[in-house]
Amino acid sequence: MISEGHRVLIRMPSNNSKIVLLRSNAKINLGKFGSFNADALIGKPYNAAYNILQDGNLEQVDPNAIFGDLEEEIDEDAAAERNNSNLKDREENQKVSKEEIDRLKQEMQEGKIEAKDIIKTLVSNNSSHDGKTKFAQIKFIKRKARKYSKKFEVLETTARNLCDFYFTTRPQKTRGIRVDTLAQIMCFANVMASSNMLVADSAGGLIVGALLERMTHGTRDLGGRILAMMDGDMPNFDLVNEMNLDKETVERTLDSLSWSRLEVGENEGKKKLLVNPNS
């Protein structure tokens, strides 16, 4: 369940995402999709879809509900016989004027109508819609839903979701690591509870966070330990702080050591790694 102080990953209708810190009495702004009270999300389940109401509250909805009603109206037998070869994308295909669309958007903001009402109006007044294949009709509906819907999904800030998020938005932060690469690292390193792991992470804490996620469970001490090598004197594992892990468990499991505290010395012709006693 979502708790106060959690960081959550919000996926908006446009498929853009943002990380939000939930604080009581705070207002979460999603730009053109609207805003809502953070308190309305606290206590709700993760991996669910919500619709923003006029008063700033939320209602849990079926993620595919806005498409289901509209898809049922598509005549599959007739659509199967069509093709899009003679269709042209022109502004005059849409019979609803810009002024009328603006009026509908204003009514939606006032809570008088829903997003699917606008989409139904646009579909029924599009002269080329009935001539499209089913695939093209569904594609048109989804494109309009991304534009007008106020429905969003709330995801946990797991290592997988953060990996996807930063690969799309700021790949330089996580060294461009993809989800499949992260999965291979976890697999080849045979990471499990009670493991003792040595890791060098320059990916913003993505690898360290994935290790902690697999090696811990809430506040339970499963016996594993992680030693993370780092540049500089202070840990720079930002993504660990975004994963809502138990702080005491992280402090108990994770230790860090700066590369500057290590030096290579010689002893009887053999090189070995020593901790610098002066640091």
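The side chains of lysine 173 and aspartate 238 form a salt bridge, N to O 3.3 Å. Lysine 173 sits in the loop between α6 (159-169) and α7 (179-188), and aspartate 238 in helix α9 (residues 238-241), so the pair ties together parts 65 residues apart in sequence. A salt bridge here is a side-chain nitrogen of Lys or Arg within 4 Å of a carboxyl oxygen of Asp or Glu. Helices (H or I, at least four residues) and strands (E, at least two) are DSSP runs, numbered from the N terminus.

This is a predicted model: local features need pLDDT of at least 70, side-chain atom pairs count only at pLDDT 80 or more, and totals for chains, interfaces and linings use all residues. Residues are numbered from 1 along each chain as its sequence is written, and side-chain values use heavy atoms, leaving out hydrogens and water.

The structure holds five salt bridges. Among them are these:

| Pair | N to O distance |
|---|---|
| Arginine 11, glutamate 153 | 3.9 Å |
| Lysine 173, aspartate 238 | 3.3 Å |
| Arginine 178, aspartate 180 | 2.8 Å |

Arginine 11 lies in strand β1 (residues 7-11) and glutamate 153 in strand β7 (residues 151-156), 142 residues apart.

Accessibility comes next. Buried means under 20% relative accessible area, exposed over 50%, partly exposed in between (1.4 Å probe, protein chains only). Lysine 173 is buried at 17%. Aspartate 238 is partly exposed at 33%.

In helix α4 (residues 115-124), Ala115, Ile118, Ile119, Leu122 and Val123 are buried. Down the axis of α4, its buried residues fall within an arc of 135°, so they line one face of the helix. The arc is that of the directions from the helix axis to the C-beta atoms.
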